[in-house]
Amino acid sequence: MRIFSTMMMVFCANFLFAQKPVIDSITYKEWSSLGEPTICKNGKYVFYNINNIPIGSKTLVVQSTDGKWKKEFRGGLKDFESKFSDRYFLFINKNDSLGILTLGTSQVSYIPNTRWCNLREIKGVEYLWYPSASGPMNFVLKNLKTREDKSFINVDSWNFDKDVLILFKSVRGNDQKRSINITDINTDRSSKIWEGYKPENLILDVKHRQLAFRTGDSVWYYKFGSDSPVFISGKNLSGIEPGLTLGYLDSFSEDGRFIFTSLIGKGKILKQKNGVVEIWSYTDTQLQTEQERATIDQKYLAIIDVENHLLIRLQQQDRELFQFSKSENAKLALVQNSTSGGPLSFFAGKLTWSLVSMESGRKKTLDFLDNVGELLVKLSPCGKYILYFDKIKQDYFSYEITTGIIRNLTKGLMVSWIDLDQDDRPGWDKERARGIVSRLVWLKNDQSVLVYDRYDIWKLDPLNIEKAVNITNGYGKKNQIIFNYTIGSNSESIVDEKGKVYLTAFNNENKYNGFFEKQLDKAGDPELLHMGSYLYETNNSRVFVGSDFSPIKAKNVEMYIVRRMSATDAPNYFSTRNFRNFTRLSDLQPQKKYNWYTTELHNWKSLDGRRLQGILYKPENFDPNSKYPVIFYYYERKSVGLNAYMKPEVLCGGCAIDIPTYVSRGYLVFTPDIYYKIGDPMQGTYDAIVSAANYVSTLSFVDAKKLGLQGCSFGGAQTNYLVTHTNLFAAAQSSSGLADFVSSYGSLTEAGMGSSEQILHEQGQIRLGASLWEKPEVYIKNSSIFQVDKVTTPLLLMHTKKDSVCPYPNIMEFFNGLRRMGKRVWMLVYSEGNHGVDGKEAEDFSVRMMQFFDHYLKDKPAPLWMLDGVSASNRSWKAGLELDTKGRTPGPSLLTAEERQKVEAMMNRKPITITMK
């Protein structure tokens, strides 16, 4: 009886799986997902949107972070930045009414005919500023505690910060004049401080009780309590050179002494002059095509000294970038200037650094930073030090600004600071330290700085009095866990010397993700809080786009919102106070209605002996007794995404297969990691993919005769190489790739209208590591075009005529070569996409790619476009999509019998070799 019951359970489970529909084009439009959350400052409530519920609209959810209260607004809410007050949730409904929900209750009141509001807290009391229904220039200030209103009429524009309300009001009897009025919310006193023509661009600094505004080219400054604004800058003042005009006022400096603004050089966009000769010179720092897209208009950073009424131009050159400290008495800024084509350039010129005085504009050149790298130099928050990474010495250094002393902070440490993912990258990418490029974390008052090695986190003393300390105690390296500081944005963060930090942790072996805690003033290992087969935040660029989510902290308390996902669990929000215990807030699971996917991490050895990892995607209704076709999809290293949840879409990235769709429809997908050798990248591709195919073919549920390839962009170039070097695969699809590195090396980006492609080949992703003339054999060996005669695999190419990365003529070379050699090849060409397709083009490509793989990997009938082609006069989105009913398959090429014999003879020809003298 027990055996019978077990059999019935298995039968019922299989029956249920079998009944689930597969993912299709309708599914994409119905799929629901979560919008970004916002947590209130006291940490008690959070709100977010559920997109596409109902279909085509949004449901706004407001709930308590303890999970005990929830309020939903289904559809119809305006796309307005909803916000929290201490007691209320504010939103705009479909009737243009401002809704005020009392948190924790169902009580909602409405203010009609109001499309927006502004919320401010003043000494513990919250105020609401919004337009009045009585007229377009009338406004209301509501005290949310007492519910009292105060009206303001004839207001042209306003600025509101903390306890100060600034109003530009029309002057009665003169349509051109405006008055500027200040209202102190605490005292309810209002005063007119100025009257004149066309005031604009007002900036407010409540902390230092001051404001500034413009009238035409003049800048006026007002200190609260004084009689009236004073004129501090204009077009005729020193500092504004001929040909330059004053730009908009941006903000006050941290100490309130300066106003950040800009100087504008007027001009017009350069356009190609037809009929006039183009003169291309070897001494041009920019190609003629790059110059055509440039503009004469220039914007130079400047400041206005509000005490001395001086305008100081800080920026002298176009390519200068500035770093400012957060100090109250900052007097210096760090400036980066590039005199060449940027960080990825091998032409004359260099990257230079200097300190510029905010009091005089004078610069001090920092020669020791020449060519350090644009991402490798950081000014400390308090402006005491410059921290930089020397890519030659592979050490961190500090420069003490007041003394000019340079200190090596990591000398003698046997540590690699370069990201694991940059091992097989040439040039610039390989030289960037993970710690300084990612999230720098400074301790208060610039006491110390936290940086990363490959796995662990170190605390460095910029004065080098205390030795460098591995605050994670080598735990990361010992356990193959990569640590990152987690709380905060991607900008620099500041923590307390004796405080604790939360760390994200990613296990590079089993792909577990979670959180640790570390007390900065205590030695020893970090404390494990939570790790599992989920994905929270990996800080890894290889993970599928949109998978990472940085925890969000409430402003005033220890309460956080995290997002968790797995391959079988949709992304959902949880609240936590300690990253150990989590309260589920949302439970959106759209995948449960469909035949979804599961993931497995597999290990095997590459042909060169390296241990590789890859993900095998299997359908939810997987039958181990069946034989499945397998499509290999690859792009760099994808195993980091083992626990990533992929929202179904027409295409992935505009040119790749959508894994959930293919798996749902009965395919297995395998994504192997690839490691590259600089100077011979395609050998790494071959070793990884062929070894993966050999390994997967040994699995009992795999049909070894039905293996396919699919790659996009660099993956497309790899696909082109593979079909010219192996016959293991039954079908291959290559999107937006390259086939001739000799040709592409000399091409221009942006469909021939941009910059040179050379840097991409020498120092970029293609990884050839040398110029064409240094190592021509490397370019030839790695180019598919020279081996088209060896192809036996049916190949579908897709490319866009406007491709700005991989030139369309390059892939046309490949297609023409394959056609000349009589190979089975089709090419889908789209006119609107750029390095990928969307809209109608994406829908068309996804259907035709599926038909192609279905025919060769599932033995389904071929579509007519593969059998009979589509003439130019009959082009349409549906042309040739009908499946053949006569049992035909793609036939022989157009080659004559004599030409066919020549091609067949070439198949056994030895590879081309070149001997250089």
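Analyst: One definition is needed before the pairs can be described: a residue is called buried when its relative accessible area is under 20%, exposed when that area is over 50%, and partly exposed in between. The model is a predicted one. Its protein chain averages a pLDDT of 88, and 90% of the residues score at least 70. Residues 1-17 fall below 50, and beyond near neighbours in sequence this stretch has 2 contacts in the model.

Charged pairs come first. Side chains of opposite charge can pair when their charged atoms come close. With a salt bridge taken as a Lys or Arg side-chain nitrogen within 4 Å of an Asp or Glu carboxyl oxygen, the count comes to 33 salt bridges. Three of them can be followed residue by residue.

Glu121 sits in strand S10, residues 118-122, while Lys41 belongs to the loop between strand S2 (38-39) and strand S3 (45-51), so the bridge ties together parts that are 80 residues apart in sequence. How accessible are the two partners? Glu121 has a relative accessible area of 35%, so it is partly exposed. Lys41 is at 25% and therefore also counts as partly exposed.

A further salt bridge joins Arg209 to Asp163, whose closest N and O atoms are 3.3 Å apart. Here both residues lie in loops: Arg209 between strand S18 (199-205) and strand S19 (210-215), and Asp163 between strand S14 (155-161) and strand S15 (164-171). The pair therefore ties together parts 46 residues apart in sequence. With a relative accessible area of 30%, Arg209 is partly exposed, whereas Asp163, at 13%, counts as buried.

Glu600 and Lys618 also form a salt bridge, and their closest N and O atoms are 2.8 Å apart. Both partners of this bridge are in strands, Glu600 in strand S48 (residues 597-605) and Lys618 in strand S49 (residues 611-619), so the parts tied together are 18 residues apart in sequence. Glu600 is partly exposed at 27% relative accessible area, but Lys618 counts as buried at 8%. Elsewhere, salt bridges that share partners join Lys177, Lys192 and Glu195 into one network.

Next come the cysteines. A disulfide is a covalent bond between the sulfur atoms of two cysteines. The structure holds 1 disulfide, which joins Cys655 to Cys712 with the sulfur atoms 1.4 Å apart. Cys655 lies in the loop between strand S50 (628-633) and helix H7 (659-664), and Cys712 in strand S52 (residues 702-712), so this pair ties together parts that are 57 residues apart in sequence. Both Cys655 and Cys712 are buried. As for other cysteines, Cys117 is buried, because its relative accessible area is 5%, while Cys382, at 28%, counts as partly exposed.

In soluble globular proteins, nonpolar side chains tend to be buried together. In this model the largest nonpolar core has 54 residues, and those with the most contacts inside it are Phe632, Leu709 and Phe814. Helix H8, residues 681-697, gives the most to this core, with 6 residues. What does Phe632 touch, leaving aside its neighbours within four places in sequence? Its contacts are Phe670, Ala692, Ala693, Val696, Leu707, Gly708, Leu709, Gln710 and Phe729.

Asn113 has a positive phi of about 55 degrees although it is not a glycine. It is found in the loop between strand S9 (108-111) and S10, and S10 is the strand that holds Glu121. Asn113 counts as exposed, because its relative accessibility is 54%. Asn473, another residue other than glycine, has a positive phi near 60 degrees. It lies in the loop between strand S38 (469-470) and helix H6 (475-479). With a relative accessible area of 35%, Asn473 is partly exposed.

Note on methods
Residues numbered from 1 in each chain as written. Heavy atoms only, no water. pLDDT = per-residue confidence, 0-100. Contact = heavy atoms within 4.5 Å. Helix = DSSP H or I, 4+ residues; strand = E, 2+ residues; numbered from the N terminus. Buried < 20%, exposed > 50% of the residue type's maximum accessible area, 1.4 Å probe, protein only. Disulfide = S-S within 2.5 Å. Core = buried A, V, L, I, M, F, W, Y, C linked by side-chain atoms within 4.5 Å.
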